[in-house]
Amino acid sequence: MDKLKVMQRIMDCGIVAVVRADSPDQALKIADAVKAGGVEAIEITMTVPGAIDVIRELKKAYPKGEILIGAGTVLDPETARAAMLAGAEFFVSPYFNPEMVKLCNRYQKVTMPGAMSIKEVVEVMESGADFVKLFPGSAFGPSMVKAIMGPLPYAPIIPTGGVSLENVGEWIKAGCVAVGVGGELTKGAKKGNYEEVQETARKFVEAIKEARN
């Protein structure tokens, strides 16, 4: 898929579902549920057992690009390339690995490396990465985004960790182009309640629209 289209879809939807699951089957069910709830970008973390196979199966299940499939917790270029060949369209890391970004730039894939400080945010942007993952968001809160946006009003920030239904509007109003949500979005899956996952996804999408308006 065209890189610019992937970026635009992430920003339009405003939320990336971070899927950490105990099994490939659970990961696939979570992905289906958040898609039904209106979340188009789904990040399969490399901590999921058989994560590469999950990405491959999602690609088969949604062959026309109905969802954007990403790889998360990507720590090196080797993992990024494996996920890319399986069908991943965007790549998320908890920290900044220049070689991972370089590889993704080579193949025109979207990257989202992690950063915790102004210095790291600038380094991520200078590398040619597409988004900056503020991580862990729970350590900062929306006020950190406002602080960053002062000297860097053009920073494309996507926080992950610490984003909930109660504060997602604050993150968006602070200037985030989107948010990443994991456990707060998918916790229903632990009980096997995928209808709850779908409903939570719908509530997040609606809260983001409301905050933008």
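Me: Hi! What kind of model is this, and how are residues numbered?
Reply: It is a predicted model, where local features need pLDDT of at least 70, side-chain atom pairs count only at pLDDT 80 or more, and totals for chains, interfaces and linings use all residues. Residues are numbered from 1 along each chain as its sequence is written, and side-chain values use heavy atoms, leaving out hydrogens and water.

Me: Thanks. How many salt bridges does a search of the whole structure find?
Reply: The search finds 11, a salt bridge being a side-chain nitrogen of Lys or Arg within 4 Å of a carboxyl oxygen of Asp or Glu.

Me: Which side chain meets Glu40 in a salt bridge?
Reply: That is Arg9, at 2.9 Å, N to O. The pair links distant parts of the chain, 31 residues apart: Arg9 is in helix α1 (residues 3–13), and Glu40 is in the loop between α2 (24–36) and β2 (41–45). Helices (H or I, at least four residues) and strands (E, at least two) are DSSP runs, numbered from the N terminus.

Me: And where do Arg56 and Asp53 lie?
Reply: Both are in helix α3 (residues 51–61), three residues apart, about one turn of the helix.

Me: Is Arg56 buried, exposed or in between?
Reply: Arg56 is partly exposed, at 35% relative accessible area, because buried means under 20%, exposed over 50%, and partly exposed in between (1.4 Å probe, protein chains only). Asp53 is also partly exposed, at 46%.
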